[in-house]
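Q: Can you walk me through this one? I have a few quick questions.

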Amino acid sequence: MLPPTIGPNGADWAFRPCCAPTPLSITRMSQRRFGQRAAIPQDPPREVEMDQNPLRTTMMALIYPAVHGAGLVWLVSKWVEIGSPIAVATEPRSYLALWLILFFGVSYIVINAAPPEKYTWEAFTLDFLEIILVFLCFAALGYVKPGPPSFSWAFGLLAIVPIVQSLWNHAMGRTRLWKLSIVTTAVCLSVAFSTKNCTGPVYVGIIVLYILLIHYFTKKRYVEA
């Protein structure tokens, strides 16, 4: 016969063999029986990193969406005003306005991919200048105020945008693509000075602008580190 064993509360656990279940083992057995598991400590949830750059937040969350939405409204409103799909399809300013909206979308993607800490007052000012130029292009095309489009003014203003974009890339320390900017500016200036007597150069210029925009987006997407 084994000697009595004194439990933790002073209870007499007499004749307990050496292999008898202990309170801890009973608890574990009950956990396995009823499917209960001991709580596993987990790492505290990580806080979501917020954009702490107020300039970038203002541009990305307020100014860019407002101007982009306004451009879409102007374009759709003009299409509704024209009424005929054939007239819309044969109007060159519709394609140029759509190009401006797509360019604005590409600029938004480029800003979103840039490091927030590098977005300074210089980059903000260049972005704001670019927005003003795009707004003036819409005005020259007759979207802001009803009137006939002036492709000379539209392409003349648009010629400044690629230079501003390259300066922005320089301010952000990113790939500047000066050659592409110079080619785009040259195309815009060529169209601006050759649209007085015919609209043929306008269509050619718009097609070239779409090709250059696709090339620019591809470069910024795959060249940037």
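Q: Is Lys78 buried or exposed?
A: Lys78 counts as buried, at 7% relative accessibility. Buried means under 20% relative accessible area, exposed over 50%, and partly exposed in between, with a 1.4 Å probe and protein chains only.

Q: What should I know about the model itself?
A: This is a predicted model, where local features need pLDDT of at least 70, side-chain atom pairs count only at pLDDT 80 or more, and totals for chains, interfaces and linings use all residues. Residues are numbered from 1 along each chain as its sequence is written, and side-chain values use heavy atoms, with hydrogens and water left out.

Q: OK, back to Lys78. Where is it found?
A: Lys78 lies in helix H2. Helices (H or I, at least four residues) and strands (E, at least two) are DSSP runs, numbered from the N terminus.

Q: Which residues is Lys78 in contact with, leaving aside neighbours within four places in sequence?
A: Lys78 touches Arg93, Gly142 and Tyr143. Contact means heavy atoms within 4.5 Å.

Q: How many salt bridges does the structure hold?
A: There are two salt bridges. That means a side-chain nitrogen of Lys or Arg within 4 Å of a carboxyl oxygen of Asp or Glu.

Q: Which residue does Lys78 meet in a salt bridge?
A: Its side chain meets that of Glu81, at 3.6 Å from N to O. The two are three residues apart in H2 (residues 54–82), so about one helical turn separates Glu81 and Lys78. Glu81 counts as exposed, at 59% relative accessibility.

Q: And which residue does Arg93 meet in a salt bridge?
A: Arg93 pairs with Glu91, at 2.7 Å from N to O. Arg93 is buried, with a relative accessible area of 8%. Glu91 is buried too, at 15%.

Q: New topic. At what angle do H4 and H6 pack?
A: H4 (residues 92–113) and H6 (residues 151–158) pack at about 20°, with their axes 12 Å apart. Axes are lines fitted to C-alpha atoms, for helices over the stretch in contact, and angles run from 0 to 180 degrees between N-to-C directions. H4 and H6 are therefore roughly parallel. Angles under 35 degrees count as roughly parallel, over 145 as roughly antiparallel, 65 to 115 as roughly perpendicular and the rest as oblique.

Q: Which residues make that contact?
A: From H4, Pro92, Arg93, Leu96, Trp99 and Leu100; from H6, Phe151, Ala154, Phe155 and Leu158.
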